[in-house]
Amino acid sequence: MKWFALALLSATSPALAAVKEIWWNITYVENANPDGLQPRRVIGVNGTWPPPPIDVTTDDMLLVHATNSIDQPSSLHHHGMFFNSTPWMDGAVGVSQCGIPPGQTFDYVVPINSSGQWGTYWVHSHAAGQYVDGLRAPVVIHPPKEAHSYDEEFTVILGDWYHTQHDELLKQFVSIANPGGAEPVPDSALIYFAQNGTYLGPIPGTSPDPVTGKVGFNENATLPFQPGKTYRLRIVNTSAFAAFFFWIDGHEMRIIEADGTDVAEYPIDLISITVAQRYSILVTARNDTSANWVIHANMDTDMFDTVPDTLNPNITSSITYDPSAPLTDLGTVDAYHDVDDLALVPIQVEPLPLAQRTIELLVSFDTMQDGTNHAMFNGITYNSPLVPTIMSEMSLGENATIASAYGPTSFVVDHLTVFDIVVKNSDAGKHPFHLHGHKMQLVGRAQDYTSDDPTLNPPLNNTQPNPMRRDTVQVPSMNSVTLRVVADNPGVWFFHCHIEWHLEVGLAVTFVEAPLVAQQHNGIPQFMYDQCQALGLPTSGNAAGHASATDLSGLPLGPFPQNNGWHSRGIGAMAGCVLTATIGMATVTWYALGGHISEEEMEDEAREKQEAKERRGRFFGLLKRRS
C-alpha cells in the first residue's frame, strides 16, 4: 500500500513540499488513569496514551501510516481538513471508507501543502465512538508567517473523560430503559498541554499514575510563563459530550483564531468552547512573579440531564511564574456566556456570495417505535449505508445525481452551487454541528426561529462584506443558524452533531457534492476496496449495494417515530366501543323504566322456558314427562 501513498504524494505534491511521515499503531492501553480516579482501558497509539500531538507546516504533506491493532474496524479523521480531490481520505466510516480491518493498515495522505489551510485542528477516530475511549490528538499547522505576533505558544487540550468503555455506555444510552434519551454524563474532565509536537510533563514533585505519567493532567499540569511575554494558547475541545467555559485568573485574553480561521483580535473574559471547536487566544504575561495563577475549565453542566454527586465539573491547572510562589485562585465567575462568533472578523476577506439553494434541517429527538430514543433531521434518523457513500457516488454513473440512491438522509448538490444550510434546533439541548470538507460562512442566527419578532429572528443580511468562517458551530435550543457553503469540493461530506452520542443515534446527513465531476477524478485506491471486502461490505451501487437509483432493499432504516394520534382502525374501534356502550345503557334504562312487558307476558315467557328445558331433558334422557 505504501507505493500507492508515495504515488499519490508525487502526483499531488508540489516539488518543494516536505513529506511528514508518521507511523501510528492503534492499540489498546491498559490501566490508563489520567484523572487519578480510576484506571481503565483506552485506545492509544504505539502502546501509549494520549496519542502524540501532530505539529506540521503548510509546506508539509502529511502521511499517516495507521495500523489497526485493536479488535474492531477503526479509522482516523483529520478534523477540519478539506481533502480536495481525495475525499476518500476523510476517514468517516460509512461515508468515505469502510474502516480499517483489524490487523491491516491505511495510509492517510493529508495534502496540507495544497489545501491552503493552517491553524488549530485535531485528529480522531470516526468509527464506533472510539475517540470516546481516547483515540484523539491535537494537530497544529504553522504558516510561513503568522497573522499575529507572539513570543511562544502552547496547545491546551480539553476533554471529558469516562471511566466506562464506550460500547457499554452506548448500550445503556440506546435502550428501552432510557426512553428519554439521557446521555451518559462524563465521570470527570481533563486539561493538558502540548508544545512543538510534545506533551508537557507533570509538575515536578508530583506522583501521577505511571501509565500516563509522562504527561501532566489537571492540577498536575502547568504552563511556564515569563513576565512580559505574549503567549498564544491554542484551545481544542476533544470531548464526546461536554462543552467548556475557559478562563485564566489575573490575565486578559484576545481571540485571534477560530477553527483554523485567523481573526482580528477580539478581547474576551471567558471562552465558551463546544465539542470539536478550536480557539486561539493571546495572553500577555504579568510583569511580576510573586504569584502563580489558576486556569479554569468548567464543563457546561446545563447539557447534562443530571449532575452526579461524584462529578467535579470544574477542573483547574495553572500558570507558573515561580515554582515557589503561591497559587492564586479567584474562584468562579459571576455568569457564563457564549462567544459571539458572528462578531469575529476574518483577516482574509471572503465576501458573501448569494445563495442559490436552501436546505433546512430541523433537529428533533423522540422515543421511537422500538422504545429507544433517537435523533432526527427532518423527522428521519441517519443510518450508515452498506456501501460507503463516496463509493456509491463513484460507481453509479448518471444515477449518481439522484439523491434517493444514497438513502433518505442525503442531499445532492451541483458543482459550485452556493447553498444555505439552515439548522433549526427544536430540541431542549445545545448541539455542535460540523461539516466535513468545508468551512461555512456564518450568515445569521435566530434566538427563536419560530418568532415574528425581528430582534429574536432577524432577516438575513446578504450584503455582509466578510462574515465569519468556521467548520463547527453551536446551536442552542430553539435557535437557528444559517450557514453558507460553496460546493467547490466534489465528493461526499458528512454533516453531523459532534456530540458522539447524538451522532450514534442518527443526527447526521450527507452532502453528495458534484457527483459527475467527482467521477472524473476518481482515484479511490484498490486497497480500500480490498478492506471493504475483508469486512464483508459491498463497494458499488447505491446505498444498499444495488445498481439502481430506487431499489434500496436491504438498507438499514429506522427506527421510526411512534405513530401516535387517531388513525382509521383506531377510530373504527372506538366507534364500535361507543356504539356498544350506548346500546347497553339504553337497554338498562329501558328495563329500569318498566316499559318493557306485562305480568301475563312474563308468565308466558317463563312457561315457554320451562317447556323448552323439559324438551332438552327428554332429548338427552335426563327427564321424564309427568302426566
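The predicted model contains nine helices and 32 strands. Of its 627 residues, 53% are buried. Contacts between residues at least 6 apart in sequence were examined for their span, and 78% of them join residues at least 24 apart. The accessible surface amounts to about 26,700 Å², and carbon and sulfur atoms account for 53% of this area.

The largest pocket has a volume of about 760 Å³. Its lining comprises 42 residues, and those closest to the pocket centre are Val-93, His-126, Ala-127, Ala-128 and Ser-384. By class, 18 of the lining residues are nonpolar, 18 are polar and six are charged.

The second largest pocket has a volume of about 500 Å³. A set of 24 residues lines this pocket, with Phe-82, Glu-350, Lys-439, Arg-469 and Asp-488 nearest its centre. The elements contributing two or more residues to the lining are strand S16 (261-268) and strand S30 (480-486). Of the elements, S30 makes the greatest contribution, with three residues. The lining of the second largest pocket consists of eight nonpolar, 10 polar and six charged residues.

One disulfide is present in the structure. This bond is formed by Cys-98 and Cys-532, whose sulfur atoms lie 2.0 Å apart. The S-S torsion of the pair is about 100°, and the disulfide is therefore right-handed. Because Cys-98 is located in the loop between strand S5 (77-79) and strand S6 (105-110), while Cys-532 belongs to helix H7 (residues 526-534), the bond ties together parts of the protein that are 434 residues apart in sequence.

Conventions
Residues numbered from 1 in each chain as written. Predicted model: local features only at pLDDT ≥ 70, side-chain atom pairs only at ≥ 80, totals over all residues. Heavy atoms only, no water. Helix = DSSP H or I, 4+ residues; strand = E, 2+ residues; numbered from the N terminus. Buried < 20%, exposed > 50% of the residue type's maximum accessible area, 1.4 Å probe, protein only. Contact = heavy atoms within 4.5 Å. Areas by Shrake-Rupley, 256 points an atom, 1.4 Å probe, with all protein chains shown as cover. 1 Å grid on protein atoms, 1.4 Å probe; cavity = no way out; pocket = protein on both sides within 12 Å on 5 of 7 lines; lining within 4 Å. Points joined across faces, edges and corners; volume = space filled by probe spheres on them. Nonpolar A, V, L, I, M, F, W, Y, C, P; charged D, E, K, R; others polar. Disulfide = S-S within 2.5 Å.
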